[in-house]
Amino acid sequence: MEIRVVPLPEERKKPKYNDESQLGFGRLFTDRMFIAEWKAGQGWVDARIEPYAPFVLDPAALVFHYAQEIFEGLKAYKWPDGTVALFRPEMNARRFNLSADRMCMPEVPEELFLGGIERLVALEKDWIPTSEGTSLYIRPTLIAVEPVLGVKPSDHYYFYVILSPVGAYYASGFKPVNILVEDRYVRAVPGGTGEAKTGGNYASSLKAGLEAKKKGFDQVLWLDGVHRRYIEEVGAMNMFFAYENTVVTAALSGSILNGVTRDSVLKLAVGLGYKVEERPIDVNELMADIEAGKVKEAFGSGTAAVITPVGTLCFRDVCHTVGDGGVGELTQKLYDTLTAIQYGKLPDQFGWVKKIG
Ligand SMILES: *Cc1c(COP(=O)(O)O)cnc(C)c1O
């Protein structure tokens, strides 16, 4: 599909940030956005890149009432030689369409998804920060905009992409987080929407997150919604536990998100000589293994935070320190290797990197 580029008037250009260390995450957006519309009977129409601006939506638009919404998250990296690269973006395209299918939304053809992102990022490449650990966060989103109060799939959608220059997630260093294992609230159940990246999953997770923060925790670790016994995932991260020679993560049960970083970590861990296991992880066994010193390291994986070391896990008022509570050797190695591939500092032996322009 042809992409129309609407001119960006000089006066619409935003002031650029001048201190990359103050970028934070997801607060600042670039000058332009990509948008295409889907209309029943017509399919995808009017793909265009426009100056970044608020939408005017009818207050009855379906997204506001019945939450027909999905999104993705990936990053563009600027290499020291000026190359701009994406990391496994076709995985995001595929997952976006799995989410769309679950929420009865139209498929976004891969050429439109990737073509829109690539064209937009190429136009906005001067916004990509270059200091250590910084990148351009890419947020593709699909929303239902038909104005009708009816529980039904919309007949009109916006697919849009916005870009946010983001700072190093660990501005104050690579620091282990403290996690509360949540056994009262649940995030998802088999047959539900846990495997889709859809807004409602996050709205319903806020309460547990706030209560955990009040108690001094950084995040919650969800258990499965049926038995409240098997480890699922954390916020927007998949979880890993490293034993002596084995790295264990929860199997894709249908209620956890199939992370691109999760898949990359599994492949890198094999390369580092570990056996990897995707299986149900019983929280009681896990806590006993941490207590016995068998679990050497724990960490989360996701696009935003890359790899996050876990210092302590608390379950039913008992806290367990993983290893010595610091950043484990494997955790550090995985972070270093993954980011080196993303920033073009290590050969891309898996074919994960997609250069733009
Ligand atoms: C996005 C997300 C992840 C991480 O997926 P990546 O593809 O690695 O970024 C994990 N869990 C949830 C709930 C998510 O939304």
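Reader: Which pocket is the space taken by the ligand?
Author: This is a predicted model, where local features need pLDDT of at least 70, side-chain atom pairs need 80 or more, and totals for chains, interfaces and linings use all residues. Residues are numbered from 1 along each chain as its sequence is written, and side-chain values use heavy atoms, without hydrogens or water. A pocket is an open set of points on a 1 Å grid over the protein atoms alone, where a 1.4 Å probe fits, with protein on both sides within 12 Å along at least five of seven lines. The ligand takes up the space of the largest pocket.

Reader: How many residues surround the ligand?
Author: The closest are Lys197, Tyr202, Glu233, Thr261 and Thr303. Counting residues with a heavy atom within 4 Å of the ligand, the shell has 15.

Reader: Is valine 247 buried or exposed?
Author: Valine 247 belongs to strand 13, residues 246-250 (a DSSP run of E, at least two residues, numbered from the N terminus). Buried means under 20% relative accessible area with a 1.4 Å probe and protein chains only, and exposed means over 50%. Because its relative accessibility is 1%, valine 247 counts as buried.

Key: On a 1 Å grid over the protein atoms alone, a cavity is a set of points where a 1.4 Å probe fits but cannot get out, and a pocket is an open set with protein on both sides within 12 Å along at least five of seven lines; lining residues have an atom within 4 Å of a point. A molecule sits in a cavity or pocket if more than half of its atoms lie within 2 Å of its grid points. Helices (H or I, at least four residues) and strands (E, at least two) are DSSP runs, numbered from the N terminus.
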